Amino acid sequence: MVSLRFLLFFLFVSSVYATIVSHDGRAITIDGHRRVLLSGSIHYPRSTPEMWPDLIKKSKEGGLDAIETYVFWNVHEPTRRQYDFSGKLDLIRFLKTIQNEGLYAVLRIGPYACAEWNYGGFPVWLHNMPGMVFRTTNKAYMDEMQNFTTMIVDMVKKEKLFASQGGPIILAQIENEYGNVMGPYGESGKAYIKWCANMAQSLDVGVPWIMCQQNDAPQPMLNTCNGFYCDNFVPNNPNTPKMWTENWTGWFKQWGGKNPHRTTEDELLIIIICSVYATIVSHDGRAITIDGHRRVLLSGSIHYPRSTPEMWRILKKKVKKEVLMRSKHMSSGMRMSLLRRQYDFSGKLDLIRFLKTIQNEGLYAVLVIGPYACAEWNYGGFPVWLHNMPGMVFRTTNKAYMDEMQNFTTMIVDMVKKEKLFASQGGPIILAQIENEYGNVMGPYGESGKAYIKWCANMAQSLDVGVPWIMCQQNDAPQPMLNTCIGFYCDNFVPNNPNTPKMWTENWTGWFKQWGGKILIEQPKMLHFLLQDSSKEEELLIIIICSVYATIVSHDGRAITIDGHRRVLLSGSIHYPRSTPEMWPDLIKKSKEGGLDAIETYVFWNAHEPTRRQYDFSGKLDLIRFLKTIQNEGLYAVLRIGPYACAEWNYGGFPVWLHNMPGMVFRTTNKAYMDEMQNFTTMIVDMVKKEKLFASQGGPIILAQIENEYGNVMGPYGESGKAYIKWCANMAQSLDVGVPWIMCQQNDAPQPMLNTCNGFYCDNFVPNNPNTPKMWTENWTGWFKQWGGKILIEQPKMLHFLLQDSSKEEELLIIIICTMEARTLTEPQVVHTSQLHMIMMLPF
């Protein structure tokens, strides 16, 4: 909308929004993601406001995620109904300091504080009230406790400090270690704790409430453990995660008694919330999922008997450093016993030690039980005694073979289970394999082969390992086995089930050379990276699991979601025909360095179709090359097809020949116009689809736009305008691009179109659907100047931050804007902009 070239604007998606804190039986969840949370205690009245930033900063640098504190009743209400929140008692300032450092907070209101604090934090005047009995169904006590608790909650709510309001507080606590003293109170104690739970819940803070040392904590309170050790603690509800809210380091020493002090090494656990929990490994048709998140997993093979235990750690560190920079995954093959029922797991055959070494290095493991091992290993890993058994036939429905195979497989699984090494037990093993490349030899076995492979699948599944089983080179792998590919190339491999991801479990680097034949060795540049033990020339195979897969772009009422994760997306506009292909990489790279997540562009109809049905996508009009340049830089793209382009572009991007067509009326239910618009839009979509550039195909395009600012001119069109915009929505949706469509400045945008805001300010914009996030798709920096009128140009300082007017105590809007002409962007502005974008990405 402005005359500046290469306008940078934000695709601003819900920049400040609430955080959903919940839980399941395994962990606290933050916006749907399970978290291991480490928390440290800082009691604000025990230091000064000037000390808080440094204390909290050091806590963060030490690896903490959250700061917890009691709220001390007797200092805040030293006299009944007279409150003090000044100086070091400024609870709100303390919580905001935590927030500013990007940490979470746990607010332990209590109000009983077991923290070596005078009188447990109870005010003296409370004790002196007639008929007072603490911490039971005493009306006087409950009235005062409720008054104080409600006042604290209301103060915090007013400042929007609960996570449900966009603040740092993820957990609140009511009462404290009451279970330790509850017995003598009898039924009154039970009634009191229920009252506490109901009172707390009624305050509607939007985050979970916890109760420490309260084994009968009423639902939905979460009972937690305080103590020297909490490894044997079990919550009172299967949907409550295991939480350690106080990790005691010592206690008062009795005369002549043992020094109740723990060593530093023993204290390193801090406060661990669900520190070790099971990992859920699953899959869909696109990838293996780890705890619900799709993963691209790179794996290398180390066969433990081919090295020594002393070498294992070095090998894994080398693999992790040089290959597995993002994905963590190792595989290991199994070998059957040398003598029947006599087993050897000593030395370099110590499978458990090997798997634990993988775990200690922070890698995943793939356990290839087989038991057939196609790894240039004697007799495929089968024992000689197995061959010598009477009536033995390998790898078919031979009872003797199946009994021995089942015995060995079950023994291995039981060993691994006992040590809790499957991911479902908190261990590293995310996949297990049964049989190996049987599909290559299955044909001669006929129906017996088919029956055998079904038996293998059923036997493996019955072992209940809690992770998926894979079968290599087994195109008819029974469900729920995952069939995978082995070979020099697997790009054309298609799994036998649409819900099975594409997996490459052996990337062959070579094969035996036939006499006079071709040397079958892949060069490193072809394999990308092969690590080798040069002394043994053994190869570390790359197992690539779903290395390129589609991205699911969706939304809720708070944000655009990328693969299920809410994102704050910053986007800048680069109109490809306004520069050259040689300039695109540098422009896009600088945009990325400046903190942008996405590049948006119009598609210019009159440039691409200057004559009807004659198209031009050459040179600076090469839209596909431009989109691939964005992709290569690792950014997202927003494709604004329009085809009306309000970008100071001749004739709004409409071709002249379109205007000259008989009976033509633009942007309404005019058949000639709609036919041409649909033809051009469909052609663009088909071109982009062919190159697989939509996110749903693995490409960079996360949003597409149909029409543009039609709401600004729609009125005179009347009912035809309304019918036209519905037609646009239906036509766009029928193109099946797999990403959301947006409509700018279209307050009546039909579902599922997302209406967005263009303007100087969009803080008051509200989408027309509660499930549509607030998006600012054009941040205007200026407009045409009327004669004698005001110059409509936003200064960089205004565009960089719409921040609070401290004198008026206006809310800090992190709608922070940074729009300026790319050609004249100076270095200080670039640095400032980049820093600003990083600030916006901090946790809210």
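Q: What makes the link between Cys485 and Cys490 a disulfide?
A: A disulfide is a pair of cysteine sulfur atoms within 2.5 Å. In this predicted model, the S to S distance of Cys485 and Cys490 is 2.0 Å, so the pair meets the criterion. With -80 degrees about the S-S bond, this link is left-handed.

Q: Why is Cys485 called buried?
A: Buried means under 20% relative accessible area, exposed over 50%, and partly exposed in between (1.4 Å probe, protein chains only). Cys485 has a relative accessibility of 7%, and therefore counts as buried.

Q: Why is the disulfide of Cys225 and Cys230 called left-handed?
A: The torsion about its S-S bond is about -80 degrees, so the disulfide is left-handed. The sulfur atoms of Cys225 and Cys230 are 2.1 Å apart. Cys225 is buried at 8% relative accessible area, and Cys230 is buried at 6%.

Q: What pattern do the disulfides of the protein chain follow?
A: The structure holds 3 disulfides, and their pattern is 1-2, 3-4, 5-6, with bonded cysteines counted along the chain. One of them joins Cys757 and Cys762, with sulfur atoms 2.1 Å apart.

Q: What is the angle between helices H18 and H19, and why does it make them roughly parallel?
A: Helix H18 (residues 671–690) and helix H19 (residues 718–734) pack at about 25 degrees, with axes 12 Å apart. Because angles under 35 degrees count as roughly parallel, over 145 as roughly antiparallel, 65 to 115 as roughly perpendicular and the rest as oblique, H18 is roughly parallel to H19.

Q: Which classes of residue make up the contact of H18 with H19?
A: Tyr673, Met674, Met677, Gln678 and Thr681 in H18 meet Tyr724, Trp727, Cys728 and Met731 in H19, where contact means heavy atoms within 4.5 Å. By class, the contact has 7 nonpolar, 2 polar and no charged residues.

Methods: Residues are numbered from 1 along each chain as its sequence is written. This is a predicted model: local features need pLDDT of at least 70, side-chain atom pairs count only at pLDDT 80 or more; totals for chains, interfaces and linings use all residues. Side-chain values use heavy atoms; hydrogens and water are left out. Axes are lines fitted to C-alpha atoms, for helices over the stretch in contact, and angles run from 0 to 180 degrees between N-to-C directions. Helices (H or I, at least four residues) and strands (E, at least two) are DSSP runs, numbered from the N terminus. Ala, Val, Leu, Ile, Met, Phe, Trp, Tyr, Cys and Pro count as nonpolar, Asp, Glu, Lys and Arg as charged, and the others, Gly among them, as polar.
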